[in-house]
Structure formats: structure tokens, C-alpha cells
Amino acid sequence: MPVLECKGLTKRFGRATALEDVSLTIEPGRIVGLLGPNGSGKTTLIKLANGLLTPEGGYIAVCGAAPGRESHGQVSYLPERTAIPTWMTARQLLDFYGDFYQDFRREAAEEMLDHLGILPQQTIKQMSKGTREKVQLVMVMSRAAKLYLLDEPIGGVDPATRDYILSTIIGNYNPEAAVVISTHLIADVEKVLDEVIFINQGHVVLQSTVDDIREEKGMSVDELFREVFKC
Amino acid sequence: MLRKLLKHEFRATGRIMLPIYLILLVTAVGSNLAGRGMMDGRSEALNILGVLIIMAFGFAICGALLMAFVLMIQRFYKNLLQDEGYLMFTLPVSVHQHIWSKLIVSAVWFIATVLAIIAASLVVAYQGGFLRELLDLLRYFLEGLQKLKISEAFNGTIYLVEFAILMFLSLVAFSLQFYAALAAGHSQANHKMLWSVAWFFGMQFVLQFGGSLLMVGLNKLDLYDRLFSHWDPTPAVAIHVGLLMAIGFLILYSAIFYAITTFFLKKHLNLE
């Protein structure tokens, strides 16, 4: 059963169309790059999969069900902004995730926070923007979810932090799950992807495995992206 | 899951309300001391200090009430409709549980604030023999209760329960008016807060207008005369009927706002 499936999905904001007639399927055990330029509809698609937006048309299912209470227990979502309450301490944040998610692996999260040098009594507010993003990622990747939806996990951070984030994702995700990484920084993520979905102006323009792109088109994902989205 | 939401909601709000209660207590103790000879005119500086402490107590009372109100709105807005909403609305909990957690915690803080103000006022009034007088008063009250007939005691208990329900529902209805307006306004793509204000006043106008039309309609039906020409209730029963009607009205009023809030959060959630 696909972990994420959309058919004819459409989302509008007033007169602007963010997604139009999007159909795609993501199977478990894959790391998928949701790639497209800024404003192409990547975040909208991820927010629809999380039930944070309501579609105007079409259908979206996560683990066989419409986004909602059931699917939230199976999806681990990293938003593109800091959503964790900044007044909380690291310990309170661990309590929070542990209370609400049965699949939360507290020991793994504690180990990663310790590796980052974050003290349990330190509040999120006291941390730098980069550290907050790392803490949020640690919480998301410490879940044994069936689908990880990571919205711009490496956007706006330095190259060293990018490496840390990607190694945290690869080192901690549940191998039976699917990981969707939305980004426009193709070269950094290309090495970890099994599959890519190109999205442009609210339309899916390509869904293919990385191996097929290399074999059939004889170019890297980054090169193909530059060709497809040439200005 | 509601229990867990309540735990974290109390944790988030307690860090603000509890220090305010502490300030209330400290200024109450200060005001008590100010009333014990600090302002008897012996020293100008002590006089001014006494006045300032009493003023601080007044500000602390206003501040506590204001903060309970601000927190009720701010927690719903910031925790559900701003950035934190990305975390909250992806938890495996229902929209109903989110709304009830906010309602219950707000109502608890409103009640706790009133109790804290009463306790602080008792601290201000405390002087030699005060406790003894208070205990005497309590004893007279208990003795009075023992002299009550069974029917009076029964009615009194029911009144208390009805009154408590009425108070809780009043707080719930009060909070839900704001929640409904915020949820509806934030379903829009742009100018979310402006839309929320418009929704608030729009809903008030529609309800006032609809309520007035309903009253006029009911008046024309002569319900009062029809009911009381066949029924002559005792004063005790009449009070019960009045309280139950008020409870019924508040349930209906709250249900309308609750339905609007859940409709927009469930069907038209549009986080920025």
C-alpha cells in the first residue's frame, strides 16, 4: 500500500492556484526528493498531506486514510519553520513528544541532543536559529514513523549543518518508511535520494527513480533539474 | 489524549499565572502591613510607600484578571493558529480535544484568579482576631445549615450545583466567542486578524438581531401567560426554572460558537 497517494489534487489561495490536478504515489522504503523552485507548490503539497490545508479538489491519502488524527500518528513532519514552543526546555520537549507519539524513541533523541551539547534544562528560546532547527529535526527523526515529510530541512543553514542534518536523516529513519525531502538544493541531497518528483507551478512534471535518470538521460539529478527549470 | 493536552496546556499557562498570583500575594501582604501603622502620618516617606504598595495591590488585581483574559485568547491564537499550530495540528488528537483543552484551562484560570483575589483580599483584611472572627462566622454558617429542613438543604445544594454549572458555561461561552471569530478569520488566505475582528462583530450582530427577533416572536405567543395560568410554582421552583433556563440558553449560545470553531478548524484550516 502506498504511504502517500494523491489524485487530481488541487489547491487555490484566492485566485492563485498553488497546486493543480496533482497525481502521485509514494511507496514505503524509498527516500524521495520533492524538488522544485521556490513557490512551485512543494510546501503546499506537504501541508495538504498533514491536513494543515484543505484541498479545493481531488484526493489525498496518507497510509490509506485522509489526513487526520489517524494519519498524524504515522507521519513525522518537519515544517519549514520553527514550530516547537520556544518557552519549553529540551526536557519538556522530550516529555511532549513522548506523551503524544507512541513511536517516539526518547533514548535516541536524548543521545542526539547530548551529541549536540544541548542541556536538558536549556530552553529553545536560548538556542540559536540553527540549533533550534537541529533540535526540531532530532525530535522528528526520533520517531519510528511510516512516513517522514521533511519540508526544506537544509534550507538556510551552513554546509556543515547540512551534512549533520542529512546524516541525522539517513542514520535515524525507519527503513520500512518513506522519507520525502522537499528542497531546491538538489546537489546536497542527490546522493541520498532513491526517487525524485519535479514540481513546477503547481504541476508534477516528472516522477522517476534516480537510477533511471542517470541511465536513460545520462545526467545527474542536479543537471536534469537545471535543464527542466531553465529560466 | 485530552489529559495530555491539559497537562501541557497547564504547563504553558502556569508559568505565567503562578508568578502573577505570587505578586498578588506579596502586594497583599504589603498592603496589610501598610494598613498597620505605616500610614499613620509619622513619616512622609512611609506614607508614600504605603500608598504605592496599596496601588500595586490594585494593579496586581487588575493585572491578574487581564492576564487570565489575554492568556485565553493568546493561547488559542498562538498555539493553534500561528507557527506552533504546525506542531499542534499534526498531533494525533482531534480538533474537539484541542478546543476543550483550551476551554477547560481558560475556565480554570479564570476561577483560580477570582479565588486568588478573594484570598489576597482576606490577607489584606487580616489583623489580630481576624482568624477567630472568620472561624466564628463559619461556625454560625454551619449551625445555620444544621437547622435547615431537608427540602431547604436539598434545594440549596441543587442551587449551588446549578450556579456552578452556570458560571462554568458562562466562561466557556465567553471564550468560545473569541475562538470562533479567530478560527473563522484565520481560514481566510490574507488579512487573517482583520477578518477575525470582522467575524467577531458580525457574529455578535447576527446573534443580537436573531435573539431580539426571537424574543419578539415569543412575546407574541404569550408563552408566559399560557404557562403560568395553569401552573403556580413555589419561589424555590421558580428559581430552579430560571437557573435551568439560563443554563439552556448558555448551552445553545456556546453550541453555536463551538460549531463555528470546529467547522473552520476541521474543514477550512488554512495555516499561513
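**Figure 1. Packing of helices α6 and α9 in chain B of the predicted model.** Helix α6 (residues 150–185) of chain B packs against helix α9 (residues 235–267) of chain B at an angle of about 25°, and their axes lie 8 Å apart. Because of this angle, α6(B) is roughly parallel to α9(B); angles under 35 degrees count as roughly parallel, over 145 as roughly antiparallel, 65 to 115 as roughly perpendicular and the rest as oblique. Axes are lines fitted to C-alpha atoms, for helices over the stretch in contact, and angles run from 0 to 180 degrees between N-to-C directions. The crossing of α6(B) past α9(B) is left-handed, a term used if the near helix is turned anticlockwise from the far one by less than a right angle, with right-handed used if clockwise. The contact of α6(B) with α9(B) comprises 27 nonpolar, six polar and one charged residues. Here Ala, Val, Leu, Ile, Met, Phe, Trp, Tyr, Cys and Pro count as nonpolar, Asp, Glu, Lys and Arg as charged, and the others, Gly among them, as polar. Helices (H or I, at least four residues) and strands (E, at least two) are DSSP runs, numbered from the N terminus.

The model is predicted: local features need pLDDT of at least 70, side-chain atom pairs count only at pLDDT 80 or more, and totals for chains, interfaces and linings use all residues. Residues are numbered from 1 along each chain as its sequence is written, while chains are lettered from A and ligands numbered from 1 in the order in which they are written.

**Figure 2. Crossing of helices α2 and α6 in chain B.** The axes of α2(B) and α6(B) cross at roughly 30° and come within 10 Å. The two helices, α2(B) and α6(B), are therefore roughly parallel to each other. The crossing of α2(B) past α6(B) is right-handed. From α2(B), the contact is made by Met72(B), Ile73(B), Phe76(B), Tyr77(B) and Leu81(B), and from α6(B) by Ser175(B), Phe178(B), Tyr179(B) and Leu182(B); two residues are in contact if their C-beta atoms, placed from the backbone, lie within 7 Å. By class, these residues of α2(B) and α6(B) are eight nonpolar, one polar and no charged.

**Figure 3. The two domains of chain B.** The assignment divides chain B into domain 1 (1–147) and domain 2 (149–272), with bounds that come from an automatic or database domain assignment. Between the C-alpha centres of domain 1 of chain B and domain 2 of chain B the distance is 26 Å. Contacts join 15 residues of domain 1 of chain B to 14 residues of domain 2 of chain B. On the domain 1 side, α2 (44–81), α3 (85–88) and α4 (95–125) of chain B each contribute at least two residues. The largest share of that side, seven residues, is supplied by α4(B). Its residues are twelve nonpolar, three polar and no charged.

**Figure 4. The contact between chains A and B.** Chain A brings 22 residues to the contact and chain B brings 21 residues. Two or more residues of the chain A side come from each of α2 (69–72) and α3 (90–100) of chain A. With four residues, α3(A) gives the most to this side. The chain A side has eleven nonpolar, eight polar and three charged residues.

**Figure 5. The three-stranded sheet of chain A.** This open sheet has the strand order β2-β1-β4 (chain A) and antiparallel pairing; two strands pair if DSSP finds at least two bridges between them. Its edge strands, each pairing on one side only, are β2 (16–26) and β4 (57–62) of chain A. From one strand to the next the twist averages 25°. Strand β1 (residues 4–13) of chain A pairs with β4(A) in the antiparallel sense over five bridges, and Leu4(A) stands opposite Val62(A) in β4(A). The antiparallel pairing of β1(A) with β2(A) runs over seven bridges, with Phe13(A) opposite Ala16(A) in β2(A). These strands, β1(A) and β2(A), form a hairpin with two residues between them, and Gly14(A) in the turn has a positive phi of about 65°.

**Figure 6. The six-stranded sheet of chain A and its helices.** The order in this open sheet is β5-β6-β7-β3-β8-β9 (chain A), with mixed pairing. At the edges are β5 (75–78) and β9 (203–209) of chain A, each pairing on one side only. Helix α1 (residues 42–49) of chain A lies across β3 (31–35), β6, β7 (178–183) and β8 (195–200) of chain A and runs at about 145° to β6(A).
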